[in-house]
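Dear colleague,

Please find below the structure that I am handing over to you. My findings follow directly after it.

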Amino acid sequence: MSRTMTNRVVGRPLDRVDGPEKVRGTARYAYEQPVDAPAYLFALQATIASGRITGIVASAAIAEPGVLAVLIHENAPKLAWADDPEIAVLYSDALGFRGQIVGGVIAETSEIARDAASLVRFDDEPRAFDVGLRAHHEDLHKPVNTAFFGAGGGELLNGEICCVGTAAAIANAVHHATGVRIRDLPIALDKLL
Amino acid sequence: MRPFRYERATDVSGAIAMVAAEPNGVFLAGGTNLVDHMRLGIAHPDLLVDVRRLTSDQIVELPDGGVRIGAAVTNSDLAVNRTIRHRYPMLTEAILSGASGQLRNFATTGGNLLQRTRCPYFQDLTTPCNKREPGSGCSALGGFNRDHAVLGVSEHCVATHPSDMAVALAALDAVVHTEGPDGERTIPLRELHRLPGDTPERDTVLAHGELITAIDIPALGFATNSHYRKVRDRASYAFALVSIAAALQVDDGTVRDVRVALGGVAHKPWRATKVEEALRGTPATEDNFRAAAVVELADARPLPGNAFKIPLARNVITRVLMDLAEEDR
Amino acid sequence: MDAEIMLRVDGTEHRLTVDTRTSLLDALRERLAITSPKKGCDHGQCGACTVLLDGRRAVSCLALAVAHQNADIVTADGLAVDGLHPLQQAFIEHDAFQCGYCTPGQIVSAVGMLQEAAEGWPSVVTRDPSADTVTLDDAEIRERMSGNLCRCAAYVNMVPAIAEVAP
């Protein structure tokens, strides 16, 4: 990037190119892309915190006029690659949390989809769960990789850098209060005096 | 949401006849509570009769100095009305402390009184609730009950009434006008809402097809010295943990007259008659205010999550009365 | 159950068939493809669906379309009559949005709010609720806009944007 380009852009209070559309509400988000004859899905959600689905009765929902399908783990199409548990929705009968999406009713209108969803019956087998945090939990273990973003091998496979600059925020506060700009850690009293 | 018929009647008696004839029929005004409940699946009427333009949307002065508020007056219009702001500031403050600007613009006086508890277990079809399904149990008792009642509770229900406006109207001895299949009647606002007892499914004494048409507020000179104070987790847009509507008249250091009602503590707005009786004719001092508050809360029954409401209510009563005593000098 | 209604949206009349269950928000977004008002919570709590309904700001998700037959509706798109509304321009200049999803609702709500203040409406933070006029300081703006949530927390720039346009 040339020097002139840098000076035209960096550090300047530019208006966002999508600004006019965003303030008018005309910028299109994913749901708002125009589609011919859309169908609408209303999600079905788990009501227990842990366990598994043992039975589903969707016949009443499917019989409703305007309902096109009821998607559940038994009939949902499978993804080509589902190694990531976050995107492998509707893959098993396992219930991991209350509110977990376990299916969806698809219909010609959103009102029909929502109403038909109330007609789907689930049976589930709850499982005991332990969500109490305590220092001497018998299941405690130290993760192997905590610093890499998803680099393999460790027990933490998904890493996301924490962008919150806590140290920077504290340094800013110190500067605001004292006028002294500290640029390396630790932020200590001897650097202020 | 189940399919339903939507009808507009031409007049109040027509609307009443329509709803009375349909066991699953209801009135629709602003819809800011009803439509939400229909979407949550906890209300499923077969018929909605729109009354938003049928009852009066006017606030008129009565010959005796009181005020009549049409049931269709919006919460915003009621709060900003100049007569209300000057004569009954507690009512303006109460309404403005509730909901959001958008909701206040469409919620009506009648509808506000009939809004239902925000207890999360009532609003969740998957958790047992005696109010929704009598006999199924009360999930709040052994669950999350921080927001729940400490006065007038029963083992069947510990829900609170969420309205701020109703608390001020209770303090002001408002009277509710209704019209129903059996004709017209008036109900003191303090008797409109019920305590849960063993029939928590019934929030009010209204019969099926009975429509609120207006609310009268009697003249009350010293209501010009009144406040509504709402204690809540956020600075705005949150329901009351404890709230108070109070009016105070002090003459030469003595309490000449006083009105106090509490919100956030019971299944209905709680008129603090014990506070009022204890204070009338006594010196307007902090000690007396506090002693009266202690008496009012003496029968309070805390739950594991809401015990803080009892000292909080005592403090709020004491503090607001002190402020009003100061302002009345 | 279906009903035929007319809605005037941003100055244009639309005739459409709706289910009695259809909210005003869904009538606009799904039946008329007017996606300026957004669906955030669908329970009247977030304000992303705010429109001007017969001149007053309202949450359109709790309004039934069939109950607002012939209503006059203004969305954020409709506020841009001759170019952007001054408040829309102020939002851009003050960088008062991040993802932008709550933004149309914020802007319509703010326009409605400014009108209410111009009419002398007090708020719960107004020191003298019986005074005839209102001065919109930051505390007043925050209180009056409390019905519009922003998950990106752009509030810090929305307040000066609104303050700039407020008289």
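**The two domains of chain C**

In this predicted model, 22 Å separates the C-alpha centres of domain 1 of chain C and domain 2 of chain C. Domain 1 of chain C covers residues 2-75, and domain 2 covers residues 86-165. Where the two are in contact, domain 1 of chain C contributes 14 residues and domain 2 of chain C contributes 11 residues. On the side of domain 1 that touches domain 2, the elements giving two or more residues are β3 (50-53) and β4 (56-59) of chain C. Of these, β3(C) gives the most, with three residues. By class, that side of domain 1 of chain C consists of six nonpolar, five polar and three charged residues.

**Chain C against chain B**

Chain C also touches chain B: 31 residues of chain C are in contact with 28 residues of chain B. On the chain C side, β4, α4 (103-118) and α5 (138-144) each supply at least two residues. The largest share, four residues, comes from β4(C). The side of chain C that touches chain B comprises 14 nonpolar, 10 polar and seven charged residues.

**A buried helix in chain A**

Helix α4 of chain A (residues 110-117) is largely enclosed by the rest of the structure, because eight of its eight residues are buried. Among them are A:E111, A:R114 and A:D115. The cover over the buried residues of α4(A) includes β1 (40-45), α3 (59-63), β3 (67-72) and β5 (101-107) of chain A. It also includes β2 (12-19) and α1 (24-31) of chain C.

With kind regards

How values were computed:
Residues are numbered from 1 along each chain as its sequence is written. Chains are lettered from A and ligands numbered from 1 in the order in which they are written. This is a predicted model: local features need pLDDT of at least 70, side-chain atom pairs count only at pLDDT 80 or more; totals for chains, interfaces and linings use all residues. Domain bounds come from an automatic or database domain assignment. Two residues are in contact if their C-beta atoms, placed from the backbone, lie within 7 Å. Ala, Val, Leu, Ile, Met, Phe, Trp, Tyr, Cys and Pro count as nonpolar, Asp, Glu, Lys and Arg as charged, and the others, Gly among them, as polar. A residue is buried if 20 or more other C-beta atoms lie within 10 Å of its own, exposed if 12 or fewer, and partly exposed in between; C-beta atoms are placed from the backbone.
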